[in-house]
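Work through these exercises with the sequence and the model side by side. Try each task before you read its solution.

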Amino acid sequence: MQEQLSISRRQVLKGAGAAALTGAVTLMPTGKAIAARGEAPRWAFIVDLRRCIGCRACTIACKAEFNVPLGAFRAAVYEEVTGTFPNSEKLFLPRLCNHCEGNKDDKVPPCVKECPEYPKDRREFVTADGKKIRYRGGATYKRPDGLILFDNKLCTGCGKCIEACPYGARNFNKLLISGKDSTKNGITKCNFCEHRIAKGVTPSCVNICPGRARFFGDLNDPASEVSKLNKQFGLVEKRNETTLLPGENTVPTCFYIDSQGALSKMAAAKQKFEKNDAILDVI
Amino acid sequence: MKQEINRRDLFKLGIASAAVLATGKAIGSSALAGTVDFVEGGKDFSPETGAERQMIPSACWSCVTRDSMIGFVEDGRLVKLEGQPNSIRGKGKICAKGAAGINQLYDPDRILYPMKRVGKRGEGKWKRISWDAALTDLAARLKKLRDEGHPEKFMFHYGRMKASSSKIIKSAFLGAYGTKTIGNHTSICEGAKWTGQELTWGKHYDNWDFDNTKMVVNFGSNCLEAHTNSIPVSQRLISGIVDRGVKLYTFDVRLSNTAAKSTEWVPVKPGTDRAVVLAMCKVIMDAGLYDKDFFKFIKATKNRKESTDAKIAALKKHLDTFTPEWAEKISGVPAAKIKSIALELAKTKPACVISYRGAVAHHHGADTERAIQMLAAITGNIDNPGGRCRGVGAKWKYPKGPKDKPKAKALKITNGFKGDIAYPTHGANHQVLKMIKDGKAGRPEIYMWYCYTPVYSHGETQENIDILKDESLIPFTVNVNAYYDESAALADLILPNPSYLEWWDWEDMVSPTQIPEYYIRQPFVKPLGESRDFKDVVCELAQRMGFSLGFNSAEEFVKMSCEMTPDVKAAGGFEYMKKHGVWHDPNAKPKYYMYKKEVKTEDLKKDGVIFDEATGVYWNWKKAHAESEAAAKEKGYTKTKNAYKGYVGQEIEGKVYAGFKPDKVNKSGYFELYSELMEMKNLPAIPSFTPVPVHEKMGPDDLILTSYKVSVHIHSRSANCKWLTEICHDNPGLINSKTAKRLGIKTGDKIKVTSEIGEITTTAKVTEGVVPGVISISHHLGHWQYGRYASGKKSPFAGDNDPDFKLKTWNTYGVHPNWIIANKPDPISGQWAMLDTVVKVTKA
């Protein structure tokens, strides 16, 4: 199954003279799966921990956007009290799918690698200037713009992607039957609100965040907010300090501005931050 | 695929419309990068089909902030709530509680039909009845009391009822009916703060101008998690901290989220903030760092004509013993810390001193608020850009109900026991049930409560249950409610209200920018089941009793108000508001320094205006309904009942200023640090330190029990929201590690917490995030009703159609602390001194 949108969509885009909505992707089966080229957006998500007030508006906005069933979270906030009274501090750490680039060798993130239904159909991503980038679909697959997406039609409900994700960003969706095995559930995970960004609207959690701690945008666009923040804080360059579990070598595209060293402190506290534990928002 | 065709079609439309979204942010950037300059909101789409969801503007009602918001409807169902991008208050943001409002609407345990008790009160046996049967019965009972000349025996007790809801139900309906036995909930919230403000600067409500401030000193506010103007101020505060380097010092018992984001959390022992504030005032006065100019408007001595130097000298003298070292002994805050923050505050201009329940829900809490007002005043941070400002909200015009309202009567049961409370300006309603039991001030025959839960919200839970259950004390109980909570379980009649997402209102909450914002609430969907907005119901009840309110529904009232309010009418009236939800005057200037405005000479010459030499107040004895001019002059402004209602202006050094207009008490137009009203009641004229009496008698192993709010729950009324309760469904007692060690308690231990009135068993959580000597337990939880998500218990006639039921991950529901908190009031304001409770904590 593929979506057939390519030509007309591109024409519409060009006709309107707007690069506006390129996030909405063109999907056509051709060629072999390849990694994103420069022309595709390079989506990144940045959480500015200085601005996170631990309010959980992101968690709830995400629940509502996708009607996420109880027991599963696509977005969550972790909190931890560290230090010794009266020099104690309380840290917050929003969590979501890191939309990993995958390691340098194969550029395939672990969830995609483990998916038995990947690679499947041949697809094509058409950039704003009309370039076609070929890639492969699957139950879990990586799009040339970096989004790690899930296609339930192809899913067998095996749960290997859940096991493979070191960040616990995937969960069974107990209200969704997997497309290929009616005895199993499909999964739920953050997709950076692909349906919203396709229409030029920020992801739901970015929209609601009262602290304006969440940023989504294109690192290939030097004028984007994420590019500016990347430049200011050296997020990509210092990815060992700005991403979660760098030792896993998954190369996340979700970065943290972390002035308090929250990432390492919370990892050290290990209370709710063990590898593979499904992300969970419980105070 | 059908779906794809839809998406493509939408996409064509998408380009044109996306460019002119509500935020007005232009789209378009480097085409080569193939990127998008995203709009922040205003639109939403189905993740399944990509189809655009229908947007409707409305307003939140989860807490009193009442953010304007937008919601998205898909196939007739509300699916998503977001902030209103065009609101100057919320700037497109809402909180977790607001976004989870959908759970309030679709709570499967909602009450959808009128219900009548069968069996004993509180037994849990109910019969579904028709609205006609319910209103026939209720109207007959109400009419009988009214016809007998005792409308006051109908008591109406509300929790949240603001703006048009208040005007329709309280002013129009209850006013026309003739009862003034009306209770509110302010004493369980921040009554002491309001009384403290009324005694100093007149009207209540302080807006914190975070957009323009450079420093914030916070006593007991957790405004990043919960506040009366939460989203408007929290986003501005965090932005100030990160973008402008605003320093924030938070004095709190607990490491709240607000404390967590502060430059420094300064732990303070419960009930001792005032000692710190007084010491800070002393440091500033002694260092000569006060704002001398503002002293012109300050009353600091009995003699109002005292020179500024004499006022300063008097204040210094008063503060003389309140040294930082003295305050350290009381509060646990190091003297050096008090000094350094005080000096930084005095030198940083402008700065904002803020406060909330942590500081004021104590014995003499109103005096703490007065002291905090003093700290803001002497540093020149009153009503100034970046300071502590008087609240500015929308001024709607609206239909007032029938003209020939009777003179309303009241049972004197809403202000606490006689002689207990000096100035209960916002009531002492947590004591209502106690007073009904006492009976000396009379008892209502019909007790109706609305968006309130007297059983759960007050202290002394068991007594509340016992009294409300007792038919000999209260013959008939009616609850207007959408949810079967602990109090609804004790009603004789339940009228099913919709959720706020199904009703009409106009709204007027304070704006953080000092520019008023007008906004409305409109339904996203029709009321579910047979639920009916109580505002519509009172229109019918009035008619059944033979009078008319002059409008037939809340929608009509809102429509009329939009047409009656000149600015809103000019903007396009009701149709504009339905389409846009929110309006403000783009040319309006923020309101600061309102006290400096001079009163026009002709206003002083108006009929009935007289001058009171003692206070320097010009007031209109006729507007104050004094007996006669002679009587008004003889008694004087301060001692004439309700003289403040006639306030015109304040004479200061030969000029007459608008001053700090009084409200609820006969304060002068000065900023009163010296209060004759306090002195008259043998209370400290100038803010002073009075220890919490029960804390003076504490044994070495006693702890103080405090409670608090979390970011994902609303007061008493959100445990039914599955998405919120999924995040927070337990509330262990927080104990500092040092205290826990001394008591031999570890995290997870079952503990008994015992106060003078009872005992609860809960779980301990040992933490570095609370001061030693305290156990802190959040409220919100520990429900034994309120449906399956809140308590595991199904409500009468509830449905089973929520697929999430079988996925519920929790079976703990927390423990309510109010069982063991006595309903003691602050003797100044009537505020429930809920944070003073002394307890013993032992392993269970």
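**Exercise 1.** Does Pro69(A) count as buried or exposed, and why?

*Solution.* This is a predicted model; local features need pLDDT of at least 70, side-chain atom pairs count only at pLDDT 80 or more, and totals for chains, interfaces and linings use all residues. Residues are numbered from 1 along each chain as its sequence is written, while chains are lettered from A and ligands numbered from 1 in the order in which they are written.

Start with the rule. A residue is buried if 20 or more other C-beta atoms, placed from the backbone, lie within 10 Å of its own; it is exposed if 12 or fewer do, and partly exposed in between. Now count. Pro69(A) has 20 C-beta neighbours inside 10 Å, so it is buried.

Next, locate the residue. Pro69(A) sits in the loop between helix H2 (57-66) and strand E2 (75-82) of chain A. Helices (H or I, at least four residues) and strands (E, at least two) are DSSP runs, numbered from the N terminus.

Last, list contacts, meaning C-beta atoms, placed from the backbone, within 7 Å. Beyond neighbours within four places in sequence, Pro69(A) contacts Asn173(A), Lys174(A), Leu175(A), Asp804(B) and Leu807(B).

**Exercise 2.** Where is Phe322(B), and which residues is Phe322(B) in contact with, leaving aside neighbours within four places in sequence?

*Solution.* Look between helix H10 (308-319) and helix H11 (324-331) of chain B: Phe322(B) is in that loop. Its contacts are Leu278(B), Ala279(B), Lys282(B), Ala327(B) and Phe689(B). Then check burial. Phe322(B) has 23 other C-beta atoms within 10 Å, so it is buried.

**Exercise 3.** Which residues touch the most other members of the largest nonpolar core?

*Solution.* Define the core as buried Ala, Val, Leu, Ile, Met, Phe, Trp, Tyr and Cys residues joined through C-beta atoms within 7 Å. The largest one holds 308 residues, and Ala57(A) and Met280(B) touch the most other members. Helix H9 (residues 273-286) of chain B gives the largest share, 10 residues.

**Exercise 4.** In what order do the six strands of the chain B barrel close?

*Solution.* Follow E26-E30-E27-E29-E28-E31 in chain B; the pairing is mixed. Strands pair if DSSP finds at least two bridges between them. Take one pair. Strand E26 (residues 702-708) and strand E30 (residues 774-778) of chain B run parallel, joined by five bridges. Within this pair, Ile704(B) has Val774(B) as its bridge partner.

Note on methods
Two residues are in contact if their C-beta atoms, placed from the backbone, lie within 7 Å.
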